[in-house]
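Biologist: I would like to learn how to read a few features of a model. Could we start with the aromatic rings?

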Amino acid sequence: MSENTIPYKIYLTEDEIPRQWYNLRADMKEKPAPLLNPGTGQPLTAEEMSGIFCEELVRQELDNNTAYYDIPEDIRNFYKMYRPAPLVRAYCLEKALGTPAKIYYKFEGNNTSGSHKLNSAIAQAYYAKKQGLKGVTTETGAGQWGTALSMACAYLGLDCKVYMVKVSYEQKPFRREVMRTYGASVTPSPSDTTNVGRKILAEFPDTTGSLGCAISEAVEVAVSNPGYRYVLGSVLNQVLLHQSIIGLEAKAALDKYGVKPDIIIGCAGGGSNLGGLIAPFMGEKLRGENDYRIIAVEPASCPSFTRGTFAYDFCDTGMICPLAKMYTLGSSFIPSANHAGGLRFHGMSSILSQLYHDGYMEAVSVEQSSVFEAAEQFARVEGILPAPESSHAIRAAIDEALRCKETGEEKTILFGLTGTGYFDLVAYQLFNDGTMTDVIPTDEDIAKSVAALPKVPGQG
Ligand SMILES: *Cc1c(COP(=O)(O)O)cnc(C)c1O
C-alpha cells in the first residue's frame with residue numbers, strides 16, 4: 001500500500017471498539033509472581049483480597065489463564081463517550097526531524113480527565129457498583145487518576161474518597177477542584193484521618209507526602225468502612241487488563257493499513273499504559289508469531305527498571321499493602337522534590353517486571369530537561385500539549401527516529417501519548433524559564449531504600 005494512503009488520523013468506527021480486553025498473562029510462560037500477604041509471606045488468597053478489592057476485580061487480578069474478558073456493555077457504552085481514541089501518523093514530527101522513520105502515536109488524552117486512566121477507572125467503578133458497594137477510596141499523586149475515578153464514580157453514582165499527595169494538593173489546586181466538581185472528597189495525605197497517616201505525621205511532621213503513603217491511607221479507609229473498597233490506577237494486573245483496550249485499538253487501526261510497528265515505546269510509571277499498549281503485540285511475541293522491540297521509558301530521577309532490584313516489596317510506604325514482586329527502588333524511595341515529570345512510583349507492574357526480567361522488553365531512563373525539550377518540539381509541530389509523563393515516550397521516540405536518520409533505516413515506531421499537560425504548566429514554566437534541573441539519585445540513595453526490602457521466603 002502506498003505511503004500517502006495512510007491518513008493523519010486513523011479512526012476506528014464505534015462498532016470497531018474492542019468487545020474484549022486481552023489478558024497478556026495467558027500467553028506468558030513465566031507468570032508474574034503472585035501478591036503475598038505481608039503477615040504470612042504466603043500468596044494472597046481471593047478471600048483475603050476481597051476485603052480490599054471488589055470481587056470481580058479479585059477474580060481478574062488472580063486469573064493468569066483466561067486470555068479474553070468480555071467488556072460489559074455498560075463499560076463499552078461509557079467508552080463510546082471518548083473512544084475510539086485516534087491513532088495519529090506523526091507526519092509533521094517526521095518532517096521536522098527529517099527522519100525516514102514512520103512515527104505513529106496512540107492518543108489517550110481525548111477526555112476531560114486528560115489521560116488513559118479513565119479506561120480502568122470506569123471498569124473498577126462499574127464492578128464496585130455492581131457489587132452494591134457505597135463507594136471507593138484511592139490515592140492520587142498529580143491527580144490524573146483521582147480525576148478519572150471521580151468522573152467514573154459521578155457517572156455511576158458512587159462515593160469517591162481521594163487521598164492526594166500533600167505537595168500536589170497544595171501545588172495543583174486545579175485538578176483538586178475538578179475532582180470536587182465531580183463530587184469526590186479530596187484529603188491531603190498524610191492526614192490525621194487515618195492511623196497510618198497520624199503515625200507518618202508523628203515521625204515526619206514536615207513530610208510533603210508520597211504516593212506510597214497516600215495508598216496506605218486509602219487502603220486503611222477502605223478496609224475499615226463497610227461498603228467501601230480500595231481501587232488503584234496502575235501497577236495491578238487488573239489495571240493492565242483494562243488498559244489493553246489501548247493496544248487492541250492501536251493494533252486494529254494499524255492492521256487496517258497493513259502496518260506493522262518495529263518499535264513500540266511507552267512511558268512507565270506503574271506500567272499500566274505501557275502494559276496496555278503493548279498487550280496484543282507482546283502476545284504475538286510471546287506466542288512466537290511476530291517480533292517487536294518494546295521500550296519502557298522512565299525518569300532518571302525514579303529509575304525502577306534501569307536501576308531497581310527485582311524483588312518482593314511493599315507497594316506503599318506504610319507497609320500495610322500486599323507485597324508485589326517487581327523492579328523496585330524500595331518502598332521508602334521518594335524522588336527528588338524538583339522532579340516535575342510524574343512517573344514517581346517506586347515500583348512497577350509485576351507483569352512488566354517479569355517480561356523485562358525475561359528479556360522480552362528493554363528500558364531506558366531519560367532526564368527531565370530532555371523530556372521537556374521533546375515535549376516542546378512535539379507540541380510545536382503536532383499541536384497537542386503533551387503530559388510530562390507522555391513526553392518521556394516522545395523523547396525516546398524522537399531518539400529512535402533520529403537514529404534512523406543516521407542509519408537511513410525506515411523503521412516504523414509506535415508510541416503511547418497517554419495524556420495532555422494542561423495541569424502541568426508549572427513544570428512547563430520551569431522549563432520555559434530555563435530553571436528546570438535534573439536530580440538523579442546516587443547509588444547510595446537507592447542502596448539505602450533497597451536495603452529495607454521486606455524479608456520473604458527465598459529473598460535475602
Ligand atoms: C498516570 C499516568 C502515566 C503513568 O502511569 P502508568 O500506569 O505507568 O501508565 C502516564 N501518563 C499519564 C498521562 C498519566 O496520567
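Modeller: Rings of Phe, Tyr and Trp (its six-membered ring) pair if their centres lie within 6.5 Å; planes under 30 degrees apart count as stacked, over 60 as edge-to-face and the rest as tilted. Here, ring pairs join Phe 78, Tyr 79, Tyr 82 and Tyr 155 into a cluster. This is a predicted model, in which local features need pLDDT of at least 70 and side-chain atom pairs count only at pLDDT 80 or more, while totals for chains, interfaces and linings use all residues. Residues are numbered from 1 along each chain as its sequence is written, and side-chain values use heavy atoms, with hydrogens and water left out.

Biologist: How many aromatic pairs does the structure hold, and how far apart are the ring centres of Tyr 79 and Tyr 82?

Modeller: There are 17 aromatic pairs. The ring centres of Tyr 79 and Tyr 82 are 6.2 Å apart and the planes stand at 85°, so this pair is edge-to-face. Buried means under 20% relative accessible area, exposed over 50%, and partly exposed in between (1.4 Å probe, protein chains only). Tyr 79 is buried at 0%, and Tyr 82 is buried at 9%.

Biologist: Which parts does the pair of Phe 305 and Tyr 356 tie together?

Modeller: Helices (H or I, at least four residues) and strands (E, at least two) are DSSP runs, numbered from the N terminus. Phe 305 belongs to helix α13 (residues 304-307) and Tyr 356 to helix α14 (residues 350-357), so the pair links parts that are 51 residues apart in sequence. The ring centres of Phe 305 and Tyr 356 lie 4.6 Å apart with planes at 50°, so the pair is tilted. Phe 305 is buried, with a relative accessible area of 2%.

Biologist: At what angle do α15 and α16 pack?

Modeller: Axes are lines fitted to C-alpha atoms, for helices over the stretch in contact, and angles run from 0 to 180 degrees between N-to-C directions. Angles under 35 degrees count as roughly parallel, over 145 as roughly antiparallel, 65 to 115 as roughly perpendicular and the rest as oblique. Helix α15 (residues 368-382) and helix α16 (residues 388-407) pack at about 85°, with axes 8 Å apart. The two helices α15 and α16 are therefore roughly perpendicular.

Biologist: Where is His 116 found, and is it buried or exposed?

Modeller: His 116 sits in the loop between β5 (102-107) and α5 (118-130). His 116 is buried, with a relative accessible area of 5%. Leaving aside neighbours within four places in sequence, its contacts are Glu 108, Gln 243, Ile 246, Ser 272, Asn 273 and Thr 418.

Biologist: In what order do the four strands of the open sheet run?

Modeller: Two strands pair if DSSP finds at least two bridges between them. The order in this open sheet is β8-β7-β6-β9, with parallel pairing. The edge strands, β8 (185-189) and β9 (228-230), each pair on one side only. Neighbouring strands of the sheet are turned by 25° against each other on average, direction ignored. Strand β7 (residues 159-165) pairs with β8 over five bridges, and Met 164 has Pro 188 as its bridge partner in β8. Helix α6 (residues 144-156) packs on the sheet and touches β6 (135-140) and β7, with its direction at about 165° to that of β6.

Note on methods. Contact = heavy atoms within 4.5 Å.
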